[in-house]
Amino acid sequence: MKLFITMLSVLFLITGCGTSNQDSTNQGDSKKIEETEKAESKTRELTEEDKKFTEMFLAEDYENLITETVDLKTESQKNFYFLASSFKLEKEIPTKSYMIEGTDKVSNRGIQTDYKVIINNINKVTYLNEQIEDRVNQLKASAEEKEAHFAALAAEDEN
């Protein structure tokens, strides 16, 4: 009986190890695919649409850029829609009222949510051309920092 239990345990361990090894191999493959896609997207030729949207973006004409890209029909429209929405929201945050109705308290959770929206929109972008990459990366880093700050404040408020 002990021999049977021992053999069953060994069989179980061997099966478990084989599965986890296969999972880590699959994760490695998906990371390689992501890296390849990122490398390919960096070398993409700019279309006329990309150039037009880049000019609008650099001019900080976010409202018109959103209007022109809201259809989300092409990859460029999607990318620039998410970027323009992020930058527009980032400009609006200081002017928005986050007061909790009926109190004199500020909703740190509301501010945190807006920064989270900025981060999520930027993460949806599949291609950044060199002209705007630094600006977008700066906004993302800033938004991540502020989102963490307001998340901590919101957690304190809830306690």
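Of the contacts in the chain with a separation of 6 or more, 65% are between residues 24 or more positions apart. The model is predicted. Its chain contains six helices and zero strands, so that the order of elements from the N terminus reads α-α-α-α-α-α. Buried residues account for 27% of the 159 residues.

## Helix α4 and its surroundings

Helix α4 comprises residues 75-92. Its 18 residues reach 26 Å from the first C-alpha to the last, close to the 26 Å expected at 1.5 Å a residue.

## Packing of α2 against α4

Helix α2, residues 48-58, packs against α4 at an angle of about 5°, and the two axes are 10 Å apart. Because angles under 35 degrees count as roughly parallel, α2 is roughly parallel to α4. On the α2 side, the contact is made by Glu-49, Asp-50, Phe-53, Thr-54 and Phe-57; on the α4 side, Ser-76, Gln-77, Phe-80, Leu-83 and Phe-87 take part. By residue class, the contact divides into five nonpolar, three polar and two charged residues.

## Aromatic pairs

Seven aromatic pairs are present in the structure. One of them joins Tyr-115 and Phe-150, whose ring centres are 6.1 Å apart and whose planes lie at 10°; the pair is therefore stacked, since planes under 30 degrees apart are assigned to that class. Tyr-115 belongs to helix α5 and Phe-150 to helix α6, so the pair ties together parts that are 35 residues apart in sequence. Both Tyr-115 and Phe-150 are buried.

Ring pairs also link Phe-53, Phe-57, Tyr-62, Phe-80 and Phe-87 into a cluster.

## Helix α5 and Asn-108

The end C-alpha atoms of α5 are 23 Å apart, which agrees with the 22 Å that its 16 residues should span at 1.5 Å a residue. The buried residues of α5 are Asn-108, Ile-111, Gln-112, Asp-114, Tyr-115, Ile-118, Ile-119, Asn-121 and Ile-122. They pack against α4 and α6.

Asn-108 is located in helix α5. Its relative accessible area is 12%, and Asn-108 therefore counts as buried, the limit being under 20%. With neighbours within four places in sequence set aside, Asn-108 is in contact with Phe-150, Leu-153, Ala-154 and Asp-157. Phe-150 is thus named both as a contact of Asn-108 and as the ring partner of Tyr-115.

## The loop between α5 and α6

Thr-126 occupies the loop between α5 and α6. Its relative accessibility of 43% places Thr-126 in the partly exposed class, because that class lies between the 20% limit for buried residues and the 50% limit for exposed ones. In space, Thr-126 and Ser-76 are 9.0 Å apart, C-alpha to C-alpha, while 50 residues separate them in sequence.

Methods. Residues numbered from 1 in each chain as written. Predicted model: local features only at pLDDT ≥ 70, side-chain atom pairs only at ≥ 80, totals over all residues. Heavy atoms only, no water. Axes fitted to C-alpha atoms, helices over the stretch in contact; angles between N-to-C directions. Helix = DSSP H or I, 4+ residues; strand = E, 2+ residues; numbered from the N terminus. Parallel < 35°, antiparallel > 145°, perpendicular 65-115°, else oblique. Contact = heavy atoms within 4.5 Å. Nonpolar A, V, L, I, M, F, W, Y, C, P; charged D, E, K, R; others polar. Expected span 1.5 Å × (residues − 1). Phe/Tyr/Trp six-rings, centres within 6.5 Å; stacked < 30°, edge-to-face > 60°. Buried < 20%, exposed > 50% of the residue type's maximum accessible area, 1.4 Å probe, protein only.
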